[in-house]
Structures are given as structure tokens and as C-alpha cells.
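Dear colleague,

I am passing on the structure below, and after it I set out what turned up when I went through it. Please read the notes with the structure open beside them.

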Amino acid sequence: DGCGHTVLGPESGTLASINYPRTSPNSTVCEWEIRVKPGQRVQLKFGDFDIDDSDSCHSSYLRVHNGIGPNRTEIGKYCGFGFQMDGLITSKSNEVTVQFMSGIHTSGRGFLAAYSTTDKSDLITCLDNASHFSEPEFNKYCPAGCVIPFADISGTIPHGYRDSSSLCMAGVHAGVVSNTLGGQINVVISKGIPYYEGSLANNVTSKVGPLSTSLFTFKTSGCYGTLGMESGVIPDSHITSSSILEWPNQTGEVNIWKPENARLKRIGPPWAALISDEHQWLQIDLNKEKKITGIITTGSTLAEHYYYVSAYRILYSDDAQKWTVYREPGMGKDKIFQGNTELYQEVRNNFIPPIIARFFRINPLKWHQKIAMKVELLGCQFSIGRAPKITLPPPPPQSKNDEKNADFMDDFIHSVKTSLQTDKTTFTPEIKNTTVTPSVTKDVALAAVLVPVLVMVFTTLILILVCAWHWRNRKKKTEGTYDLPYWDRAGWWKGMKQFFPTKSAEHEETPVRYSSSEISHLRPREVPTMLQSESAEYAQPLVGGIVGTLHQRSTFKPEEGKEASYADLDPYNSPIQEVYHAYAEPLPVTAPEYATPIVMDMSSHPSTPLGAPSISTFKAAGNQAPPLAGTCNKLLSRTDSASSARALYDIPKGQPAPGGADQLVYQVPQSLAHPTVSKDE
């Protein structure tokens with residue numbers, strides 16, 4: 001009466017004292033006999049050990065023996081509170097006896113231990129969780145029987161499990177290992193998430209969990225894709241049932257809950273059987289053999305019809321004639337799967353080992369009110385290679401021993417079929433047990449070489465562009481504020497010649513601007529040349545002989561050193577004459593905005609009548625302050641020999657001109673058209 005949680009599998013198992021993890025009762029005893037395959041040995045590992053040692057292991061203890069029966073030999077006798085046993089206890093044969101004795105005591109939880117064959121060197125117990133291991137990825141062997149009522153897990157697939165969850169119990173929930181067989185798990189540690197969902201799968205309930213620093217997932221084969229019930233890949237004609245529920249509603253319309261309604265997440269009523277008994281079934285034809293690794297079920301999903309299936313069996317066939325009930329290897333009875341506990345929740349069950357078949361049948365055994373359900377199958381495509389069917393001669397009349405041999409042969413055939421390799425599913429997997437670390441391939445190696453090279457190339461190009469931009473900015477700064485940009489120059493020589501003064505307009509190649517009155521007096525051969533010249537970025541001085549017209553937006557360019565003459569002719573209104581050019585002095589920053597007087601040597605040129613009235617404004621020479629107001633422009637002239645050359649000054653509006661009336665030209669408003677001057681004038 002001292003035996004607690006116990007699962008003894010063919011290769012591994014779990015055993016615990018009664019009432020564990022609470023204090024074990026007084027005066028109890030339990031003995032476990034463990035057998036594995038001949039030729040193998042047994043190893044025992046304790047997850048927790050807390051036995052009263054007040055009487056030096058006399059009345060309360062745990063004893064381990066080699067062998068079973070009267071010929072067994074003792075390996076060791078153990079007791080103690082919080083006893084830590086390093087390493088494993090290993091037997092000398094394939095049989096071990098474990099004996100627990102509880103005497104009179106007031107405290108002590110008892111023990112929990114796991115066993116396996118000695119070839120499982122990475123054995124852990126059901127109490128180990130991810131926080132016990134520091135590696136980011138590791139492989140461990142879980143024993144059978146780790147679905148224990150005193151362990152908790154939080155999370156689900158594919159999001160992962162909280163790091164405080166039992167590794168092996170989470171492996172059963174995820175469908176990685178079987179609770180009756182145990183198995184190998186490949187664990188990957190990742191950063192935790194704020195919230196862990198709960199779900200029911202493989203008879204294990206995962207609870208909702210809070211934030212944790214880390215989580216773990218499992219690496220799997222990836223054969224967990226949906227096989228076409230929800231997506232519609234499986235046609236309606238391939239979904240059949242033993243019976244169909246038909247009933248009229250309040251309006252007299254007949255509701256038919258057909259088998260094709262049994263598609264998971266499909267809106268509307270489910271499939272329901274007309275009669276609720278253990279002989280009803282829902283059958284799915286997959287069109288060809290598939291590897292089926294799991295099933296997801298729900299109830300009716302209709303609040304007004306609280307129907308669901310709480311337990312069922314699974315049958316499968318290759319021809320829909322001969323059916324095989326699913327059993328776990330080594331088990332002599334059919335496996336009963338836990339179904340739904342309410343009508344909405346999705347419940348998953350996995351097949352370990354998987355089923356290889358074309359026809360799949362669900363046989364409900366327990367239900368609430370009526371048999372009604374929706375279904376999705378999980379798995380992947382089956383590989384081309386298939387084991388040949390094993391044909392046996394007709395057996396003679398069988399005794400009881402022969403029947404056992406026949407059951408063994410059925411299990412053998414099933415294990416042969418399920419041991420074949422499989423391909424991945426052709427459908428996008430909806431359920432994944434882990435994020436699998438990709439293996440290194442040739443493409444990855446090639447990418448590892450190309451990526452750094454491309455980064456270096458792009459970095460070099462960026463540096464070249466930055467350097468070019470920086471060099472160009474420095475060059476701009478050295479050119480000066482009033483220099484002409486390179487793209488506005490008619491050519492290198494033309495761009496250079498504009499900086500040199502000249503006395504003759506016939507040899508001037510610098511692009512200048514001309515007024516409409518000046519262009520009309522140019523010789524025909526000069527007009528195309530002048531019009532084709534590219535304009536500079538800044539306007540040139542508008543002085544030529546006695547010029548009466550200045551462009552509205554004239555800009556004067558300063559030059560250092562010797563004062564030179566420069567002209568901006570109007571190619572339409574200017575008479576044929578030689579023009580002397582001169583540069584204007586730069587405008588002072590603080591002085592009023594008037595033009596600078598321009599002096600030209602006109603001794604060898606005939607006088608020219610006044611042109612159109614000016615719309616520009618000139619500044620008085622020197623530092624002399626300009627008049628406050630004026631209404632006319634006065635043109636003054638002089639020559640270097642005190643003869644006929646005249647300079648142009650702008651007389652402020654509103655004041656009398658210093659000369660006579662014949663020298664006054666009134667300013668024309670800018671909005672009016674300029675009057676033209678005839679040849680007679």
C-alpha cells in the first residue's frame with residue numbers, strides 16, 4: 001500500500017512513493033519489479049529523495065536489488081532528508097527490484113525516480129525543467145510516465161513553454177514523446193514572452209502562464225501540417241459517416257448535419273450522428289496513403305446545441321474494408337483518446353508512432369447529449385518507398401498462446417509500416433512544435449562570402465561619392481562669390497576671356513546681354529553669334545557709348561586691381577559702333593543701394609543720341625550721400641582729355657538736375673513700355 005504514481009514501460013518508466021510530494025503515511029511498503037530487454041541493463045535516477053533517517057535507515061528506507069525474486073542481491077540501501085544522489089544506480093542485469101519502506105515518522109515526502117536502459121545516457125526525470133540547464137540547446141531522454149498530477153506546464157505549440165514547465169510533461173503535451181513509451185527530446189531555449197496560452201493536448205492540460213525570462217520549444221521532424229479538412233483539399237465526397245442527424249427547426253425547415261460539415265473552424269453546424277451509440281463513425285478518405293501524426297477536434301461550436309465527443313477510438317485502413325484499431329506499441333489494448341470537455345475548445349491528440357493509411361475513421365465512445373464534432377487531421381505526405389506487405393499462410397486452429405502470437409504479429413506489422421521514412425507535408429503547417437535551427441548548406445556558405453564583399457563594395461562607393469562631394473564644395477569655395485559656374489560658361493577659353501578687358505567689341509567673345517535697341521544695329525553676321533552665346537550666371541554691366549537703357553535686373557560684378565571697361569549691349573536698339581567696357585565697383589554693404597558712376601573714354605567715337613529711358617538706379621560716386629528724392633535722371637559725360645566723354649548719374653526724384661533741361665531725361669515707370677528712338681533722332 002505504499003506505491004504511488006507508477007508507469008513501467010518496456011525501456012523506461014517512472015515510480016514514486018505514495019502521497020508524493022506530500023508526506024508519506026506511516027507503516028507502508030511498496031515493491032517494484034522492473035524488467036527490460038535481455039542483454040540490457042537498468043539505470044535508476046532520483047528526481048527527489050526525502051525519507052526520514054531518524055533511526056539510521058532501520059524502519060524507513062529505499063532499497064535497490066539486482067534481479068527479481070529470492071536470488072536477488074542488494075545494490076544499496078538509502079535514506080535521509082533532502083538526500084542528493086550524484087550519478088545513476090546501475091544494475092548488473094536486465095532486472096531490478098526497488099523496495100520502499102515507511103516506518104513511524106512525522107515528515108518526509110518520500111521519493112520520485114526514473115529508470116531506463118543504460119544506452120540512454122542523458123536520462124532526466126519528470127521533475128526537471130528548462131531552468132536546470134544552462135545550454136541554449138540540448139538533447140535529453142524523457143522516461144515514460146511523466147504525465148503527473150503534481151507537475152505544471154504553461155504554454156503551447158508553436159509559441160513555446162514557460163521555463164518553469166516540466167520538460168518531459170511539455171514534451172508529451174507537444175506530441176514529441178509518448179507518456180507510455182518516453183522518448184528523446186531536442187530542446188531549444190529562447191527569450192521569454194509576456195503571456196503563455198493554455199490548451200488541452202494528449203491528456204495534458206497546459207495552464208495560462210505569466211511573463212518569464214526564457215522559454216523552450218522542441219525540434220521535430222516537421223510532419224505536423226494540416227491534411228485538408230479545413231482548407232477543403234479533401235472533397236465533400238471523401239467525408240462519410242454512419243448516420244446523419246436531420247431535424248426540422250421552428251420554421252419547419254429541415255436541418256441536415258452532414259459529414260462534410262465536420263471541417264474544423266468551418267462556420268455553421270458540425271457533423272452529428274442520428275443515433276448516439278458506440279457504433280457511429282466519421283470516415284475520411286485521404287485519396288492516398290498519408291503519414292498521420294495527429295488529430296484536432298471540437299464540439300458543435302453552437303451555443304444552443306451543447307454537443308461534443310469526450311472520448312473516441314481511431315481506426316485506419318488501406319482499402320476501407322479491413323480496419324485496424326490504433327494501439328500503442330507494447331500495449332495489448334486499444335488506445336482511448338481523450339476528446340473535448342466543452343463544445344468550443346480545440347483538443348489535440350498525437351499518434352506516436354504515426355499512422356500510415358489512406359482511410360481514417362473516428363469511433364466516438366463517450367459524448368455529451370449527442371455525438372457531434374468537427375475535425376482536422378495532422379501529418380504529411382508518405383514517401384514513395386513502402387514496405388512490402390507481409391503475407392502469411394493460413395494459420396491452423398489457434399489456442400490461447402497462438403492468439404497471443406497473432407497479436408504480436410499484428411503489432412510487428414504495424415511497427416514495420418510506421419518505421420518508414422516520410423516526406424514533409426505539401427501544405428503549410430499550422431502546428432509547429434519548435435523553431436528549427438536551419439542546417440548549414442552550400443547556399444549559406446556562399447552567402448557568408450558574398451555578403452561581406454557586397455558590403456565592402458557599397459561602402460567604397462559611398463566613400464567615393466562623399467569625397468567627390470566634399471572636393472566639389474571646396475572647389476566652389478575657392479572660386480569666389482561672384483565667379484561664374486562651370487556649366488554656365490560657353491567654353492574654357494570664353495570663360496577665361498571674360499575676365500580680361502578689351503577696347504574693341506569686335507574681338508570680345510565674352511557672352512553679354514544686349515537690349516532690343518542695340519541688337520537691331522548689329523551687323524547681320526554678328527547677330528547669330530551674340531544670340532547663341534550662353535548667358536553667364538550674373539548679368540554684365542550695361543554700358544556702351546552713351547547708353548540710355550539698362551536692364552531691370554542688372555547685377556554688377558566686382559573686380560580687384562585695374563578698373564576695366566565692360567559693356568552689355570542691346571543687340572536690337574544699339575547703333576553700329578565700337579564699345580568700351582568697364583567693370584563697376586562693388587556696392588558697399590552699408591551704403592544706400594545706388595549704382596556706381598561709370599567713366600568711359602569716348603574721345604574717338606561719335607556721339608550717340610539718348611536711348612530709351614532707364615529703369616535702373618545709380619549711386620553717386622565716392623562716399624557722397626545721395627540726394628533724398630528725385631524725379632529724373634541726368635546723364636553727365638566727360639573724357640580723359642576734357643572733351644566729349646560723359647558719365648551717367650542717377651539724380652534722385654524730386655530734385656532739379658545739375659545740368660540744363662536738354663540733359664534731363666525723365667524716368668519712365670517700369671510698368672510702361674520703353675519708347676523707341678528713331679534713326680532721325
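One aromatic cluster is formed by W32, F46, F49, F100 and F111, where rings of Phe, Tyr and Trp (its six-membered ring) pair if their centres lie within 6.5 Å, with planes under 30 degrees apart counted as stacked, over 60 as edge-to-face and the rest as tilted. The model is predicted, with local features needing pLDDT of at least 70 and side-chain atom pairs pLDDT 80 or more, while totals for chains, interfaces and linings use all residues. Residues are numbered from 1 along each chain as its sequence is written, and side-chain values use heavy atoms, leaving out hydrogens and water.

By the ring rule there are 17 aromatic pairs. One of them, Y312 with F337, is stacked, at 5.8 Å centre to centre and 15 degrees between the planes. F337 is buried at a relative accessible area of 2% (buried means under 20%, exposed over 50%, partly exposed in between, with a 1.4 Å probe and protein chains only), and Y312 is buried too, at 0%. The rings of Y326 and F337 lie 5.9 Å apart by their centres with planes at 35 degrees, so this pair is tilted.

The charged end of R361 sits over the ring of W281, 3.9 Å from its centre, and R361 also lies over the face of W323, at 4.1 Å from the ring centre; the criterion is NZ of Lys or CZ of Arg within 6 Å of the ring centre and within 35 degrees of the ring normal.

Kind regards
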